[in-house]
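Look at the sequence and the model below. The report that follows covers backbone geometry and strand pairing.

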Amino acid sequence: MAVSRTWMRSVALAAVTALVTCAPTSVSAHPHPRPPAQLQCQGTESVTYDPGVTLWPRKFDVRTDGQFDCTDSAGKVTSGSYGEHFSLTAGCIDLLGGFEEQRTFSWSTGDTSVVDASGSSTAVAGQVITTITGTVTRGRFLGRTAVQVITLPQPGVLQCLTTGFTGAKGVTTLVIT
């Protein structure tokens, strides 16, 4: 039985068309987007001012110490901490200004996260509420967004007018998404 070239071309073209249209498509190693890793922490922050903050601006040293208990969606980080020491010129009447900083958080896993952040404070019902927002630029959670909220008692007027406001302790939360 003789087979014409035209018929063979038609069969070959049909076979190629079937392979192209019916071939399995490439499947990503991650068929569904992974939910972002999330860390939620609650704790306390202690701040000391030396010498005390008075009504009128002057230079003083600030020390912060923060401690967290954390819940990590990956189940690895269970706690964290941070501490800073810096100098500032301010007074009780201008403690609420905006700022930029780099904050390093140390985790129970032995590693750290460095956050480049900006923040601002507001006075509400006898408390100073500071919100710090930034991006993790080094370490664990690299590239993630961090939001920390710190609530401390507002300096008392009598302290500001006399020896100065020397410290405070309050609650803080941190969320990394």
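F141 is buried, with a relative accessible area of 10%. Buried means under 20% relative accessible area, exposed over 50%, and partly exposed in between, with a 1.4 Å probe and protein chains only. This is a predicted model, in which local features need pLDDT of at least 70, side-chain atom pairs count only at pLDDT 80 or more, and totals for chains, interfaces and linings use all residues. Residues are numbered from 1 along each chain as its sequence is written, and side-chain values use heavy atoms, without hydrogens and water.

F141 is found in the loop between β6 and β7 (145–153). Strands (E, at least two residues) are DSSP runs, numbered from the N terminus. The phi of F141 is positive, near 70°. Most residues other than glycine have a negative phi, and most peptide bonds are trans.

A125 also has a positive phi, near 50°. A125 sits in the loop between β5 (112–124) and β6 (127–139). With 74% relative accessibility, A125 counts as exposed. G75 has a positive phi too, near 75°, in the hairpin of β2 and β3.

Which residues does the cis peptide bond join? They are D50 and P51, with omega about -5°. P51 belongs to strand β1 (residues 39–53).

Now the sheet. A closed barrel of 8 strands runs β1-β2-β3-β4-β5-β6-β7-β8, with antiparallel pairing. Neighbouring strands of this sheet are turned by 25° against each other on average, direction ignored. Here axes are lines fitted to C-alpha atoms, and angles run from 0 to 180 degrees between N-to-C directions. Two strands pair if DSSP finds at least two bridges between them. Strands of a sheet pair through backbone hydrogen bonds, either parallel or antiparallel.

| Strands | Bridges | Residues between the strands |
|---|---|---|
| β1 and β2 | 12 bridges | 4 residues |
| β2 and β3 | 12 bridges | 6 residues |

Strand β2 covers residues 58–72, and strand β3 covers residues 79–90. Both β1 with β2 and β2 with β3 run antiparallel.

Some opposite residues can be traced across these strands. D50 stands opposite D61 in β2. D61 in turn stands opposite S87 in β3. D50 is also one of the two residues at the cis bond. Further along, D65 has G83 in β3 as its bridge partner.
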